[in-house]
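Please review the briefing below alongside the sequence and the model.

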Amino acid sequence: MQKNGFTLVEMLTVIVILITLGLLVTFSISGIVKNSSDKLYQIQIESIIDASRTYVLKNSSTLADNNEITLCDLKRASLIDKDLKNPKTEEPFENNLIVKIIKNDNGEYDFVFDANSRMDNYYCDLDISVALNGNSPSYVKLGDSHNEE
């Protein structure tokens with residue numbers, strides 16, 4: 001007897017093998033994506049800590065031994081991007097998130113960022129403008145330069 005095609009068992013075996021391979025590929029790709037978002041999150045946190053160090057260097061004369069600064073403070077100082085996003089959620093980091101600055105026994109500062117630590121009832125306006133007095137009033141947004149004519 002001559003065989004013209006595949007049996008039902010052979011077809012089902014091939015389908016099961018293909019589904020198994022598809023699931024393996026899907027799970028490994030999702031693991032890679034999760035791992036990369038975790039690494040990107042750590043990079044974002046490190047950039048926030050680095051910006052906090054720069055903020056402290058620029059403002060060390062006005063800081064007490066233990067301070068808290070917000071992401072809004074870092075954004076106003078143009079030390080981090082205004083639309084910095086959390087790679088885990090794809091949502092922007094909230095402006096009221098806190099970086100704790102603690103002066104240790106050596107006189108150096110330690111920085112702690114906790115994504116769950118927020119300043120309550122905090123309002124952040126990143127588009128602050130200042131009215132400058134002169135012959136005619138002019139308005140300058142924060143971060144812009146102003147030249148007296």
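**Briefing on the predicted model**

Of the contacts (heavy atoms within 4.5 Å) between residues at least 6 apart in sequence, 54% join residues at least 24 apart. This is a predicted model, in which local features need pLDDT of at least 70, side-chain atom pairs count only at pLDDT 80 or more, and totals for chains, interfaces and linings use all residues. Residues are numbered from 1 along each chain as its sequence is written, and side-chain values use heavy atoms, with hydrogens and water left out.

**Elements**
- The protein has two helices and seven strands, taken as DSSP runs (helices H or I, at least four residues; strands E, at least two) numbered from the N terminus.
- Their order from the N terminus is α-β-α-β-β-β-β-β-β.

- Of the 149 residues, 23% are buried (under 20% relative accessible area, 1.4 Å probe, protein chains only; exposed is over 50%, partly exposed in between).
- Ile 48 touches residues including Leu 71, Phe 93 and Val 99, not counting residues up to four places away in sequence.

**Surface**
- Phe 27 lies in helix α1 (residues 8–59) and counts as exposed because its relative accessibility is 57%.

**Confidence**
- The average pLDDT (the predictor's confidence in each residue, from 0 to 100) is 81.
- Where pLDDT is low, the predicted coordinates should not be read in detail.
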